[in-house]
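Please keep the structure in view and look up each place as it is named.

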Amino acid sequence: MAGSGCGNACKRPAEAGSTAEGLGAARKRSRTERGGRHKAKEKSSRLSAALFGEDCEISHDQVYELLKYAALGKCHNATQPSWCRIYHQSHLAGVVVIVLHEMSQLHFYKFYLQFKHLRKVFQHRFTLPPYSASFLANLYGEGANVKPQNNAQGLISTSSGYIPKNSDLQCDLIIRKYGESKQGLTRYILTLEEMKKNDYPIKGSPGCKGYVHTECDQQRTDSSPLFGLDCEMCLTARGNEVTRVSLVDARGQCLLNELVKPESTIVNYRTRFSGITRKMLLPVKTRLPDVQSRLKKILPHDAVLVGHSLNADLQALQMIHPSVIDTSLLFARNEGRRFKLKFLAKAVLGKEIQCDQKLGHDPTEDARAALELAQFFIEQGPAKVAELNLEMLLTTERLTEVSQNKSALQPQGCRVQKQSNDPPHLSKPCFLDCLQVTGQKPLLLGRQEADSSGLCQSNLSISNKEILQRALEDVPLSTFSIIQFSLGPEYIASHLLAGFCEKVRSKLTDMLTIYAGPFEESFCLKSVKKEFGRCGPIQSLTVVTETYQPYVCIQYEVLEAAQLALESLDGAEIAGSCIKVQRPVTAATLDCDVLIQELELDIENEGVIYVAGLKKSLTETDLQEEFSQLEALETLFLPKDLQNGRHKNCCFLKFQTSQSAMDALEVINSWAVKGSKLRSRKALASGHLWRWIWQMNHSSGKQVGNSFCEKTVPLSDSEQSLRKKVKKLDQIIKKLYRSLQKNTLCVVLFPGTNSIHGSRSGLGLMGIKDDRGSSAC
């Protein structure tokens, strides 16, 4: 944060002791001499970063800076990252990046207690932008239009997608058809002529005799509801007949998922595609007229159906519907060609559907994918879709499929040979090329592999346990490793994430809220606000009158303020009354004491104290002068209101050691005995968490003072399962981390999420392993 003073921690003497020997040479010598290097006295690598306030928001390019310098060092003309500093880089034993796919910072704080290892080892944390399709490529940096190549080992080098210029967009078929600006959904409904041209059932057509009309004849508007529809068909003596129907609403909720027994004898179940077997249809009594009736009852009169090549589904259903959006036509291609739904879901939504591991297609999954594609197109607009450059992504994907190695757990080389038609300038060259040249082998392990478009291609047959086992064997042989773990797609449903967000926001609100009282009927609210305001910035203060005597409900902006009020004002005499101070009693706050205790022990808060009761007129310079007598003070962070930029009446002080911080606490508390208005305690949310809490708190729609009326909602089966899965994942990372050599830079990345239902920021944790197995900072 500019002017916050947090940059002081990065202003250290220039790196000393660098040798001409690079990371790779040192690592190679370690393998041949087996520890001979460690017998000699050497300096340990060290990582320094001041991640407070706005400075805790780090871009993918900045992560690239860090990894490039850590992997190459000065001997390859790499420069120190702009936002942190690595001391004695030449002594690094290696670089290990752990990627936790489908996870965001929301997951980390939702399951904070389950991530026992992560929160106790990595002191430095930072916020990442929401997930992008080229996330993996952004880590090690690849060219804008590099073609996939086989290296000497037959392994694939891949590249990120090319983003077209504005002049190229004008020639795009989507732009020519719809224009560049965003428009409402009615613009993308097929016209009558388009429906005729693409063989849609139309009322009055000779071939549609006996077809059932949905009777959805009401005029469509841009607020008309969307419904995703998909059918699976089997081949009968009469032709293709529907055997399964799925319908989802605009939120992706399944409204209908019905097996249908056809009238004619089935001659080919087409199980590979339909997923239908003879055994599945044996007990089924539902016939086509039954499904037609249910669809008519479900669909409102202004419904718009969405599907991929929806004409085939409506023909199989023998139904007529006047308003449809066909995603195979919406994402237009030249010469009448169409993108497959599987490709669009991956390229646009970042989702894997119709996986080879599954028996046939899932119509609910396909209906939901088509619906989300239409929603993406409507919400983002044609220009955004054109920028995806889907034709190029498809071409590079096909090239990758031809040359891709069958084993998902093979080490991935990244040496890229430029072809003559490549652009002359690469904004972020792949720094792993340099490692390849010197004979070092970068390692990429996991379920997700980067393909030539920068997208992730999943191999769901690989378990986290298998990945760990391979990593334990191969990481010691590599100087740069990217190890990827995954919770699985079943745990990233949009409604599940939305539920997590609300629960975390609700719990934060309860932890930031205290109730004080009882007071006399005519008590002075101003004196109460003044006394409690000395503990930290107050977001809201309300009087609770439902009780026999009045209470005051206070919601703070920082966790430390609420905890300080509980510890220092409970039992105090305020406004003429001896009061009790307590948090609201809800199911979410039952483990609050445990959470507070663990936050105090969090390594991010090591050596950091919280000080409240400051005069808002004091500048950062004034505070530095006031606290100058405190020994070993390293950084002062003065929080600002993220909306108006004004300073709060509190600050965080970071000291070089935990003991220095404890000594400073005693000094400040002794000032309070002498009449100072300052109050202090150990920090709970000093760095990255402080900003995240502020954002969550100010985006909350929850009203304080209503916690006593909340209903207890039991954990869903999926959430209980996810909690266990997260705990196992933390243990896996712990085993991998323990196996790393001393002086290994380890970076753990939660990539975040990004979909039409919203985006969640990612989270990064980093540190250099020291002799004790923790991070050296």
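R270 is partly exposed, with a relative accessible area of 31%, where buried means under 20%, exposed over 50% and partly exposed in between, using a 1.4 Å probe and protein chains only. The model is predicted, and for that reason local features need a pLDDT of at least 70, side-chain atom pairs count only at pLDDT 80 or more, and totals for chains, interfaces and linings use all residues.

**Backbone details in loops**

- R270 has a positive phi of about 50° although it is not a glycine, and R270 is placed in the loop between strand 11 (266–268) and helix 10 (271–274); here helices (H or I, at least four residues) and strands (E, at least two) are DSSP runs numbered from the N terminus.
- A575 likewise is not a glycine and has a positive phi, of about 55°, and the loop that holds A575 runs between strand 22 (573–574) and strand 23 (577–578).
- With a relative accessibility of 28%, A575 counts as partly exposed.
- Which kind of peptide bond joins G517 and P518? The bond is cis, with omega about 0°, and P518 belongs to the loop between strand 19 (513–517) and helix 22 (525–533).

- An open sheet of 4 strands has the order 20-21-19-24 with antiparallel pairing, where two strands pair if DSSP finds at least two bridges between them.
- Strand 20 (538–544) and strand 24 (580–582) stand at the edges, and each has a single partner strand, so one side of each is left without a neighbour in the sheet.
- Neighbouring strands of this sheet are turned by 20° against each other on average, with direction ignored; axes are lines fitted to C-alpha atoms, for helices over the stretch in contact, and angles run from 0 to 180 degrees between N-to-C directions.
- Strand 20 and strand 21 (residues 551–556) run antiparallel and are joined by 6 bridges, and the two strands form a hairpin with 6 residues between them.
- Strand 19 and strand 21 also pair in the antiparallel sense, over 4 bridges.
- Which residues stand opposite V552 in strand 21? V543 stands opposite V552, and A516 stands opposite V552 as well.

- Helix 23 (residues 559–569) lies across strand 19, strand 21 and strand 24, and runs at about 150° to strand 24, where contact means heavy atoms within 4.5 Å.

**A buried glutamine**

- Q292 has its place in helix 12 (residues 288–298), and at 8% relative accessibility Q292 counts as buried.
- When its neighbours within four places in sequence are left aside, Q292 is in contact with V212, L317, Q318 and M319.

**Aromatic rings and charges**

- The count comes to 18 aromatic pairs, under the rule that rings of Phe, Tyr and Trp (its six-membered ring) pair if their centres lie within 6.5 Å, with planes under 30 degrees apart counted as stacked, over 60 as edge-to-face and the rest as tilted.
- The rings of Y131 and F135 have their centres 6.1 Å apart and their planes at 35°, so the pair is tilted, and both Y131 and F135 are buried.
- The rings of Y188 and F377 have their centres 5.1 Å apart and their planes at 70°, so the pair is edge-to-face.
- Y188 lies in the loop between helix 8 (173–178) and helix 9 (192–197), and F377 lies in helix 16 (residues 363–380), so the pair ties together parts that are 189 residues apart in sequence; both Y188 and F377 are buried.
- Ring pairs link F108, Y109, Y112, F115 and F750 into a cluster.
- The charged end of R119 sits over the ring of Y112, 5.0 Å from its centre, where a charge sits over a ring if NZ of Lys or CZ of Arg is within 6 Å of the ring centre and within 35 degrees of the ring normal.
- The charged end of R333 sits over the ring of F339, 4.4 Å from its centre.

Methods
Residues are numbered from 1 along each chain as its sequence is written. Side-chain values use heavy atoms; hydrogens and water are left out.
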